[in-house]
Amino acid sequence: MPVTPTRPPAAARRRVAAVLLLLGALAYTAWVLELVVATGLDPVQAYVSELAAANQPLGGLFRATDLVAGLLVLAGALTALTAQERRAWTTAGWAALALFGAATAADSRLPLSCAPTDDPVCQARETAGLVPATHTAHAVSSSLAMAGALAALVLLTVAARRYGLWPPLRRLGPPLVLAELAATLWTLAAVAAFSAGRGTWALGAGQRLQVLLVACYVALLARCLARAPKRPGPAEDVRDRERQGAPEGESPGQRHRARPREDHGRRPRRGDR
């Protein structure tokens, strides 16, 4: 009776992580619903978090999608961490992505109490420190989330290029990282200008670009994990064992070619002693 080969556990966990990350990326872009649903907020000027503010009519919906996105990314990052070989850059990258997921989930439980870019009274209360503790804590959790996301982008892109992993990430990771850094600088400058009373500097547009790029990166990671490596055959097993003994930077084939050729069984030529 033929035995059906089973999928290696690590490959199965990679596929589970890919599904979790892809669903998390989709949930993290729920704010695009503002293109078809009237929210009363200006997407060019308003924080993304203001959609989920406690006094907004659709705040409950956006808080729920943020919670789901954070938990899915957290679960996906932890699952990927158990399915990958433990190396410094990959471990740090998945840990940073897990931090992003956890902070995003916490963000949804610490909503803004009002929309400061849309309501001058809310802005005045925020400046005077008269907002609830959850409103103030939201800034901390949001900062942790974006710090984790940015760290994950950099660390996993370095890991892909350093260890020869995930070809799509090796190609697309660097431009995504540069674009994310530019969007983050734009957002930080706009926040500083708004806090100083100098306008919003299209704060909403910059922040929406920032979170959209994070979602694209998480989706790209999902694609990389879904493309599980081919199951090695006997010949590949031999090559893998040889690779483990090869010096760093030297392939097994190079090591084989460097060996002196043995002359067992060579016929003696005339003149040999």
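I began with tryptophan 166, which counts as buried because its relative accessibility is 10% (buried means under 20% relative accessible area, exposed over 50%, and partly exposed in between, with a 1.4 Å probe and protein chains only). The model I am reading is predicted, so I note that local features need pLDDT of at least 70, that side-chain atom pairs count only at pLDDT 80 or more, and that totals for chains, interfaces and linings use all residues. Residues are numbered from 1 along each chain as its sequence is written, and side-chain values use heavy atoms, with hydrogens and water left out.

**Entry on the loops**

I located tryptophan 166 in the loop between α5 and α6 (helices are DSSP runs of H or I with at least four residues, strands are runs of E with at least two, and both are numbered from the N terminus). Although tryptophan 166 is not a glycine, its phi is positive, at about 45°. I then looked up tryptophan 201, which lies in the loop between α6 and α7 and has a positive phi of about 55°, again without being a glycine. Is tryptophan 201 buried or exposed? I find that tryptophan 201 is exposed, with a relative accessible area of 52%.

**Entry on α5 and α6**

I took the helix pair α5 (residues 133–163) and α6 (residues 167–195) next, and read an angle of about 150° with the axes 9 Å apart; axes are lines fitted to C-alpha atoms, for helices over the stretch in contact, and angles run from 0 to 180 degrees between N-to-C directions. The two helices are therefore roughly antiparallel (angles under 35 degrees count as roughly parallel, over 145 as roughly antiparallel, 65 to 115 as roughly perpendicular, and the rest as oblique). The residues making this contact (heavy atoms within 4.5 Å) include Met146, Leu150 and Arg161 of α5, and Leu169, Arg170 and Glu180 of α6. I record the division of the contact residues as eleven nonpolar, two polar and three charged, where Ala, Val, Leu, Ile, Met, Phe, Trp, Tyr, Cys and Pro count as nonpolar, Asp, Glu, Lys and Arg as charged, and the others, Gly among them, as polar.

**Entry on α3 and α7**

How are α3 and α7 oriented to each other? For α3 (residues 88–109) and α7 (residues 203–226) I read an angle of about 130° and axes 13 Å apart, and the pair is therefore oblique. Here Trp94, Leu97 and Phe100 of α3 meet Val214, Val218, Leu221 and Leu225 of α7. The residues of this contact divide into seven nonpolar, no polar and no charged.

**Entry on the core**

I then asked which residues touch the most other members of the largest nonpolar core, which has 49 residues; such a core is a set of buried Ala, Val, Leu, Ile, Met, Phe, Trp, Tyr and Cys residues joined through side-chain atoms within 4.5 Å. They are Leu21, Trp94, Leu97 and Leu169. At least two residues of this core come from each of α1 (9–28), α2 (59–83), α3, α5, α6 and α7, and the largest share, eleven residues, is supplied by α7. Leaving aside neighbours within four places in sequence, I listed the contacts of leucine 169, among them Leu156, Thr157, Tyr217 and Cys224.

**Entry on histidine 135**

Not counting residues up to four places away in sequence, histidine 135 touches Pro111, Leu112, Ser113, Cys114, Cys122 and Glu126.
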